Amino acid sequence: MILLEKVSKYYPHDKVPALDEVSLHIAPKEFVFLVGKSGAGKSTLIKMLTREEKPDYGKIMVGGIDYDFMKKRQIPHLRRRIGVVFQDFKLLPNRTVYENVAFALEIVGVSNAEIKRTVPKVLDLVGLSGTEKKFPGELSGGQRQRVAIARSMARQPKILIADEPTGNLDPETSWGIVRLLEEINNFGTTILITTHDEQIVNQLRKRVITIRNGKMIGDQKNDGHYDLDAVRTRIVKRPLATARRTAPTADEIRRATNSRPIATPETTRPTPRRRVI
Ligand SMILES: Nc1ncnc2c1ncn2[C@@H]1O[C@H](COP(=O)(O)OP(=O)(O)OP(=O)(O)O)[C@@H](O)[C@H]1O
Ligand SMILES: [Mg+2]
């Protein structure tokens, strides 16, 4: 679950905020496209979710974690729940394909035995079996993108966020990546992708969120289209019993999921024993 409530971000020297009171709710297992012109604020929104940047105003909750209560040392814990695929891949050039994926597990303390079991499975999932010993420089752009996806999937995150995963790829390779993300979504992972690829968005007809000058100007929940200026917001009729006009608030979600601000092994204390007289 991803929840933003009136999130604003101001960068110095910019006339308009990079994000201007953006509120949205993404439920578990959804597949969402985030679209908007260059400079609209897509990457900024993603950086809010990964905590690379902090908002100036507003509330963010991801997977039951309330960012207002998150301490710096808890950020790695958050990054285990969210897989991020960056547009420039951020692969380690001097490590092989196998090592790039294994490294993502090593740094979060996964055992060697578990790494040996997991890496081949994930590489198989993204269609890269056989390339284990190659270095990133020996791969095509599409293959590099697959390594980046494999690396973020290895920790089995509940949410996968990809900033322009098809940027710089030819149409056929782009479709391969999108189909892979659909497959990952079918396993139950929430997917949020930014893209400029009109064809892919219009063919897949998923939920499409549009931002312009930092403002969310469209949220087509079903059958979404790529339309950066005049967004058609489709209203989906649902039975009265389940319909609600607004996304749940952070408080409602916290109450429903009974989540504390953040519960990590470091912050969870054993319950005190009752004294027996
Ligand atoms: N680190 C930064 N410092 C100052 N301004 C920034 C910074 N990052 C982004 N901005 C500004 O915030 C606005 C939104 O940028 P952002 O990178 O989110 O756009 P985008 O929608 O991802 O664009 P693109 O499609 O080109 O990737 C832009 O006006 C940009 O100049
Ligand atoms: Mg961007």
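Trainee: In what order do the strands of the open sheet with 6 strands come, and what is the pairing?
Mentor: In this predicted model, the order across that open sheet is β6-β7-β8-β3-β9-β10, and the pairing is mixed. The edge strands, each of which pairs on one side only, are β6 at residues 82–85 and β10 at residues 215–220. If direction is ignored, neighbouring strands of this sheet are turned by 15° against each other on average.

Trainee: And what actually holds strands side by side in a sheet?
Mentor: Strands of a sheet pair through backbone hydrogen bonds, and they may do so in a parallel or an antiparallel way.

Trainee: Okay, take β3 and β8: how many bridges join them, and do they run parallel or antiparallel?
Mentor: Strand β3, residues 31–35, and strand β8, residues 190–194, run parallel and are joined by 4 bridges. To find a spot where you can see this, look at valine 32, whose bridge partner in β8 is leucine 192.

Trainee: Which helix packs on the sheet there, touching β3, β7 and β8?
Mentor: That is helix α6, residues 171–186, and its direction makes about 155° with that of β8. Together, β7, α6 and β8 make a β-α-β unit, and this unit is right-handed.

Trainee: What about isoleucine 177, is that buried or exposed?
Mentor: Isoleucine 177, which has its place in helix α6, counts as buried because it has 22 C-beta neighbours inside 10 Å, and 20 or more is what the cut-off asks for.

Trainee: Which residues does isoleucine 177 touch, leaving out those up to four places away in sequence?
Mentor: With those set aside, isoleucine 177 touches Gly142, Gln145, Pro165, Thr166 and Leu169. As for glycine 142, it stands 35 residues from isoleucine 177 in sequence, while the C-alpha to C-alpha separation of the two in space is 7.6 Å.

Trainee: Back to β7 for a second, how many of its residues are buried?
Mentor: β7 is mostly covered, with 5 of its 5 residues buried. Ile159, Ile161 and Asp163 point one way from the strand, whereas Leu160 and Ala162 point the other way.

Trainee: And how many bridges join β7 to β8, and how many join β6 to β7?
Mentor: There are 5 bridges between β7 and β8, which run parallel, and 4 bridges between β6 and β7, which also run parallel.

Trainee: Which strands does helix α1 lie across?
Mentor: Helix α1, residues 42–50, lies across β3, β6, β7, β8 and β9, and it runs at about 150° to β7.

Trainee: Switching topic, what is the order of the open sheet of 4 strands?
Mentor: That sheet has the order β2-β1-β4-β5, with antiparallel pairing. Its edge strands are β2 at residues 19–26 and β5 at residues 65–66, each pairing on one side only. Between strand β1, residues 2–9, and β2 there are 5 bridges, and the bridge partner of leucine 3 in β2 is histidine 25. Helix α1 packs on this sheet as well, touching β1, β2 and β4, with its direction at about 120° to that of β1.

Trainee: Which residues are around ligand 1?
Mentor: The residues around ligand 1 are Tyr11, Asp14, Ala18, Gly36, Ser38, Gly39, Ala40, Gly41, Lys42, Ser43 and Thr44. This shell divides into 3 nonpolar, 6 polar and 2 charged residues.

Trainee: I stopped at histidine 13 too; what is its phi near?
Mentor: Phi of histidine 13 is near 75°, which is a positive value in a residue other than glycine. Histidine 13 has its place in the loop between β1 and β2, and it is exposed, with 5 other C-beta atoms within 10 Å.

Trainee: And asparagine 213, where is that found?
Mentor: Asparagine 213 is found in the loop between β9 and β10, and its phi, near 45°, is again a positive value in a residue other than glycine. With 16 other C-beta atoms within 10 Å, asparagine 213 is partly exposed.

Trainee: Last one, how many helices and strands are there in the protein chain?
Mentor: The protein chain has 8 helices and 10 strands, and buried residues make up 32% of its 277 residues.

How values were computed:
Residues are numbered from 1 along each chain as its sequence is written. Chains are lettered from A and ligands numbered from 1 in the order in which they are written. This is a predicted model: local features need pLDDT of at least 70, side-chain atom pairs count only at pLDDT 80 or more; totals for chains, interfaces and linings use all residues. A residue is near a molecule or strand if its C-beta atom, placed from the backbone, lies within 6 Å of it. Ala, Val, Leu, Ile, Met, Phe, Trp, Tyr, Cys and Pro count as nonpolar, Asp, Glu, Lys and Arg as charged, and the others, Gly among them, as polar. Two strands pair if DSSP finds at least two bridges between them. Helices (H or I, at least four residues) and strands (E, at least two) are DSSP runs, numbered from the N terminus. Axes are lines fitted to C-alpha atoms, for helices over the stretch in contact, and angles run from 0 to 180 degrees between N-to-C directions. Two residues are in contact if their C-beta atoms, placed from the backbone, lie within 7 Å. A residue is buried if 20 or more other C-beta atoms lie within 10 Å of its own, exposed if 12 or fewer, and partly exposed in between; C-beta atoms are placed from the backbone. A crossover is right-handed if, with the strands pointing away from the viewer, the path from the first strand over the helix to the second runs clockwise.
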